[in-house]
2 protein chains.
Amino acid sequence: MTTVPLTQNKLGARERLLAAADELFYAEGVHTVGIDRVIERAGVAKASLYNTFGSKDELVRAYLSARQLRRQARIATAVAQHDDPRAAILGVFDLLDEIFAEPGFRGCAFLNASAESRPEESVDSVCSETRGWIRAVFADLARTAGAADPDELAGQLVLLYDGATVSAQLDRNKAAARTARAVAAAMVDAATG
Amino acid sequence: MTTVPLTQNKLGARERLLAAADELFYAEGVHTVGIDRVIERAGVAKASLYNTFGSKDELVRAYLSARQLRRQARIATAVAQHDDPRAAILGVFDLLDEIFAEPGFRGCAFLNASAESRPEESVDSVCSETRGWIRAVFADLARTAGAADPDELAGQLVLLYDGATVSAQLDRNKAAARTARAVAAAMVDAATG
DNA sequence: TTGAGGTTAGACAGACCTGTCTGGTATTGT
DNA sequence: ACAATACCAGACAGGTCTGTCTAACCTCAA
């Protein structure tokens with residue numbers, strides 16, 4: 001039967017490939033970085049990549065899924081630190097402020113990958129999945145906060161979330177998250193007043 | 001000396017190339033569309049493209065510059081229709097609502113091109129140029145409206161402008177511009193109260 | 001008519017990309 | 001020790017891309 005170490009090795013190669021893909025795809029773009037760069041960075045043979053993922057498209061999908069999980073975990077942690085839903089909403093924008101200040105920040109991986117992708121590629125499904133998740137988080141918090149129209153408030157918060165990300169990247173606007181946070185506070189207060 | 005018809009022919013080829021580039025680059029992305037597709041669409045020989053623009057990068061730059069001029073003209077027209085600066089600001093978001101509803105809308109050409117581009121390409125300069133222009137328009141209107149901190153208000157409006165564009169494209173959110181408009185109205189009122 | 005300049009279609013070079021395949025190697029369980 | 005299995009390195013095929021170049025063509029001006 002299958003032996004344990006084999007799986008371990010395979011997971012090792014898989015993880016190294018994902019780590020290399022995460023670095024390179026995020027920093028330089030999905031279509032700019034070729035397979036050869038990824039396997040060289042991962043220290044892995046080309047055959048291993050195709051045995052593990054089957055295609056570059058699937059590797060890209062796995063890279064985005066891993067990013068999605070990490071992003072969701074960070075947001076969930078930030079939200080869980082507050083009992084007050086209003087504070088939790090603002091905590092998401094505080095988290096954005098942290099993220100924008102991190103070295104190597106280059107915008108939203110999903111926005112970037114989506115702009116690069118062709119329709120037949122499987123990027124958009126991951127992208128819309130994670131966008132729906134964030135919108136649902138905002139909607140839940142808005143409902144808990146007693147907003148008159150939770151979906152409307154969630155839509156406003158998503159706008160601010162995306163707008164801050166775009167401005168942080170393209171304008172190198174370090175205050176983008178704080179600006180968005182201030183507007184978000186005003187909108188939450190207006191919706192729950 | 002140079003004859004008039006020669007120049008006319010050259011302008012004709014240039015315009016046909018720009019029209020084809022505008023259609024294809026915007027609809028399918030800059031890196032997805034090859035030179036061959038553009039010249040076929042324009043009905044022009046490859047040599048004419050390279051005589052006129054010199055490189056694909058320069059064609060992309062010209063395509064974005066043309067988009068920039070049209071976008072600026074539309075915004076300026078929308079702004080000029082209102083005497084009241086508050087109404088003018090909201091008029092920009094009404095214009096966005098129009099744009100999002102147009103057939104073939106596929107997001108902001110500058111955001112898309114920037115996400116696709118590599119640093120050595122000349123996309124980012126056009127992109128930051130047009131972003132600075134829009135921010136300045138908002139700042140002028142905010143100042144005229146008597147905002148306490150016009151730059152702060154302009155930053156908020158840019159956030160909403162970008163966020164609406166992103167949501168309109170990725171979420172196919174037809175209400176994005178109206179949502180942004182409502183938030184913008186609240187922020188203008190808060191800043192000029 | 002003749003010549004010049006811009007046009008066209010298309011071949012071509014050189015680079016890059018994805019994905020397959022071959023052969024050699026290290027590690028594992030028996 | 002031995003066989004199985006995944007690993008590595010790298011050649012290779014087939015495709016696409018940008019950009020150059022050739023040769024025929026058309027349109028004007030003298």
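Predicted model: local features only at pLDDT ≥ 70, side-chain atom pairs only at ≥ 80, totals over all residues.

Analyst: Let's start with how helix axes are handled: axes are lines fitted to C-alpha atoms, for helices over the stretch in contact, and angles run from 0 to 180 degrees between N-to-C directions.

Residues are numbered from 1 along each chain as its sequence is written, while chains are lettered from A and ligands numbered from 1 in the order in which they are written.

The axes of H9(A) and helix H8 (residues 150–170) of chain B come within 10 Å and cross at roughly 90°. H9(A) and H8(B) are therefore roughly perpendicular to each other (angles under 35 degrees count as roughly parallel, over 145 as roughly antiparallel, 65 to 115 as roughly perpendicular and the rest as oblique). On the H9(A) side you'll find A:Ala176, A:Thr179, A:Ala180 and A:Val183, and they meet B:Gly155, B:Gln156 and B:Leu159 of H8(B). Being in contact has a plain cut-off here: the C-beta atoms of two residues, placed from the backbone, lie within 7 Å. Sorted by class, this helix pair has four nonpolar, three polar and no charged residues. For those classes, Ala, Val, Leu, Ile, Met, Phe, Trp, Tyr, Cys and Pro count as nonpolar, Asp, Glu, Lys and Arg as charged, and the others, Gly among them, as polar.

Let's zoom out to the whole meeting place. Here 30 residues of chain A are in contact with 30 residues of chain B. On the chain A side, the elements giving two or more residues are helix H6 (109–116), helix H7 (123–144), helix H8 (150–170) and helix H9 (176–192). H8(A) gives the most, with 11 residues. By class, that side of chain A has 15 nonpolar, 10 polar and five charged residues.

How do the two copies relate? Chain A can be laid on chain B with an RMSD of 0.0 Å by a turn of 180° and a shift of 0.0 Å along the axis. The two copies are thus related as by a two-fold rotation axis. In chain A, the C-alpha nearest that axis belongs to A:Gly163, at 2.0 Å. The same surface serves both copies, as 100% of the contact residues of chain A recur in chain B. (For the superposition, copies are fitted by least squares on the C-alpha atoms of residues with pLDDT of at least 70 in both.)

Finally, peek at H6 in chain B. Eight of the eight residues of H6(B) are buried, so it is largely enclosed by the rest of the structure. A residue is buried if 20 or more other C-beta atoms lie within 10 Å of its own, exposed if 12 or fewer, and partly exposed in between, with C-beta atoms placed from the backbone. B:Phe110 and B:Glu116 are among the buried residues of H6(B). The axes of H6(B) and H7(B) come within 9 Å and cross at roughly 150°. That makes H6(B) roughly antiparallel to H7(B).

How values were computed
Helix = DSSP H or I, 4+ residues; strand = E, 2+ residues; numbered from the N terminus.
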